[in-house]
Amino acid sequence: MITTNDLTKKYGGHIALDNLNLNVKEGEIYCLLGANGAGKTTTINLLLGFIEPTSGSAFINQLNVHENPKATKQFLAYIPENLMLYPSLTAVENLDYFSGIAGKKPTTTALKGFLEDAGLQPEAYDKRTSTFSKGMRQKVGIAIALAKDAKVLLLDEPTSGLDPKASNEFGNLLQKLRKKGVATLMATHDLFRAKEVATHIGIMKGGQLKQQFMADDISLSQLEKAYLNTMDYKETVS
Amino acid sequence: MLRPNFKYELKQLLRSNWLWLLCIILISLFSFATYNGLKKVEAREALIASAKAKTQENDTKMLKTLDSLEQGLEVHLKPWDLPSDPIVVGSDHPRVAAMPAADFTFLATGQSDLFAHYKKPKVYGGGIIEDFTEMTSPVQLLFGSFDLAFVIVFLLPLLIIAFSYNVLSAERESGTLRLLAAQPIGIRTWVLQKLLIRFFWLSVLVLVSLIGVLLVFKADPFTNISGLLGLLGLVLVYMLFWFALAFLVNLWVGSSAKNAVAMLGLWIGFVLLVPSMLNQLGTTIYPMPSRTLMINELRARQADATERQDEILDNYLRDHPEYAVNDTTETRNFWHGYMASQNLLRDEIKPVTDRYNAQLKKQQRWVNRFKWLSPAVTIQESLNKLAGTATSDYENYREQVLAFSEEWRAHFMPFLYNNQKFAKADYPDLPRFEYQKQDQSQMASIPMLLLISLVLFGLGFLASRNMKSGGILNQA
């Protein structure tokens with residue numbers, strides 16, 4: 001579902017992403033870990049077609065992102081670190097709007113169903129989103145993905161700033177989507193959440209994918225150690 | 001994408017109170033401007049009516065006097081005031097040559113601050129060039145009139161700027177743009193749709209409030225349907241031009257603050273600077289001859305003609321044997337010489353006045369050639385034409401008055417030189433002035449502005465063709 005072949009992005013002399021090769025299949029959640037500037041967000045921006053790669057290619061559902069920008073966006077949903085909605089519209093209206101511009105025409109009942117599946121409390125459906133917390137907005141973002149019937153979910157630091165309960169709920173939602181066969185690529189700093197939700201974990205540094213693991217093959221402490229080793233914190237840890 | 005954009009754009013505008021605010025502003029501006037315009041028209045019509053009533057009153061007195069004279073009754077008037085003298089009728093009982101207001105005159109003051117709307121050409125005096133340089137309040141001239149044309153040309157673009165400058169940047173700044181850009185849509189098309197939807201709603205507001213205000217103020221817009229459609233068409237294309245500029249700025253510039261500055265800069269450029277520069281360049285390239293020198297030259301020639309009145313009269317009668325038959329030296333008076341000299345003088349000064357007028361026309365032609373550089377100039381001129389207050393309307397009126405002035409003088413020449421008295425029976429034959437409004441199409445501006453707007457929209461697409469979403473997402 002998500003494939004990158006030697007994907008590279010340079011800004012002048014600075015290499016933001018260096019020959020990234022990734023493959024995220026249906027029903028997989030791939031967490032990209034790394035410090036700021038490691039290339040996680042650049043990867044997501046390239047997959048969204050927001051920026052052009054210097055070399056290499058990115059594919060969503062076997063379509064080249066940069067050759068078919070609109071077609072690939074039919075299949076994907078994106079939740080940025082701070083998902084913002086139209087504050088003067090309600091949750092249902094925001095969902096209707098974003099589904100509508102994506103070419104879907106769900107009924108109001110269906111819209112409310114998506115919000116319910118995303119875990120939003122029913123009393124919030126018809127409230128303007130200007131009063132929504134970040135967690136509630138993220139749930140509307142998930143509902144947008146559901147309404148769009150997205151096959152690929154791209155998440156950029158989705159749990160940063162969320163309280164543990166909201167973060168846990170978000171993790172559960174991702175698991176639900178995984179079971180529906182959605183391929184998810186999540187950029188995060190949160191090792192604990194990554195270990196909790198991911199099927200695969202990759203650690204990036206300086207634009208390169210340094211290590212990859214199957215989440216089930218590694219414990220949280222091993223992941224932490226591997227992360228810190230990659231970040232050159234070896235001395236501090238020992 | 002259009003359906004959800006249309007539906008939710010309206011919801012957001014209504015909930016943010018933008019449309020209500022615009023509605024109040026538009027109704028207030030249109031009301032005040034229409035009221036002002038109608039008051040001006042009323043004042044103009046009242047002046048003309050008063051002048052005509054006075055003329056009617058004088059005519060009644062004159063006819064009574066003529067009747068008494070013809071019945072051999074005694075009248076208590078000085079010999080030089082008797083209306084049986086044709087020169088007295090030509091001088092003291094002139095006709096009113098009025099330029100009545102058109103259906104949409106309240107729309108644009110135009111040149112009406114500079115020119116009078118009625119003249120009373122006489123057989124002698126300043127009739128040679130007619131004085132068309134009267135002015136009203138210089139303060140009003142300095143600030144302009146608050147009429148509908150002012151609201152449309154100057155203020156409406158400011159409302160459009162406030163309504164459209166941040167369509168894209170607000171999305172970027174509020175964070176919704178990243179979510180939008182992740183949808184299978186083109187951001188440029190999305191911006192275009194948002195602006196066209198706003199154009200649509202603002203157009204509805206403008207047209208409804210404008211027609212509503214005109215009806216409330218009893219300006220009777222439906223009595224001249226083609227004029228009304230012309231007005232609405234002009235307003236719509238002018239608004240479209242500003243929305244097209246907003247499209248360019250939204251895609252090209254960046255943050256809301258920069259967009260606002262850019263749009264205001266364009267407003268200053270198109271509404272204030274370009275018209276002023278066109279005018280300045282016109283007067284520099286085609287400088288007007290000094291009016292003072294022209295007047296001095298006219299006076300010198302007049303003085304010369306006065307000195308040579310006898311000689312001129314002899315020449316005149318030689319050229320008009322039909323008058324010479326009745327000429328006897330005894331019956332000659334001041335007027336015989338004076339009128340003959342005036343005829344000659346008119347021929348002599350024609351090149352001087354023609355030179356002045358030709359230069360003025362060159363200036364106007366120059367401005368006309370480049371008026372497309374400023375849609376404000378184009379629209380103002382079209383509104384003035386619709387209102388019948390354009391330079392060309394006053395030029396047309398001036399020419400008609402001069403022709404009538406000529407006809408008025410010529411009417412009394414046979415009386416004067418045949419030594420014939422003016423009788424009551426001659427009254428119905430007095431020349432009358434009927435202003436003929438020239439047919440001017442103000443619609444040429446509509447396709448021109450439409451074309452300019454389409455070019456701007458096309459430029460927006462072309463210029464941002466290579467700008468990927470990332471560029472649009474990260475502009476600052």
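The model is predicted: local features need pLDDT of at least 70, side-chain atom pairs count only at pLDDT 80 or more, and totals for chains, interfaces and linings use all residues. Residues are numbered from 1 along each chain as its sequence is written, chains are lettered from A, and side-chain values use heavy atoms, without hydrogens and water.

**Domains**
- Chain A is assigned domain 1 (2-75 + 151-237) and domain 2 (86-149); such bounds come from an automatic or database assignment.
- The domain centres, taken over C-alpha atoms, lie 25 Å apart.
- Domain 1 of chain A brings 16 residues to the contact, and domain 2 of chain A brings 13. Contact means heavy atoms within 4.5 Å.

**Buried area**
- About 1,100 Å² is buried between the two domains. This is accessible area (1.4 Å probe) lost on being put together, summed over both parts.
- Carbon and sulfur atoms give 56% of that area.
- On the domain 1 side, Gln74(A), Leu173(A) and Leu177(A) lose the most area, together 34% of what that side buries.

- One salt bridge is counted between the domains. The term needs a side-chain nitrogen of Lys or Arg within 4 Å of a carboxyl oxygen of Asp or Glu.
- Glu169(A) forms a salt bridge with Lys139(A), with the closest N and O atoms 2.6 Å apart.

**The domain 1 side**
- Helix H6 (residues 164-179) of chain A supplies the largest share, six residues. Helices are DSSP runs (H or I, at least four residues), numbered from the N terminus.

Key
Helix = DSSP H or I, 4+ residues; strand = E, 2+ residues; numbered from the N terminus.
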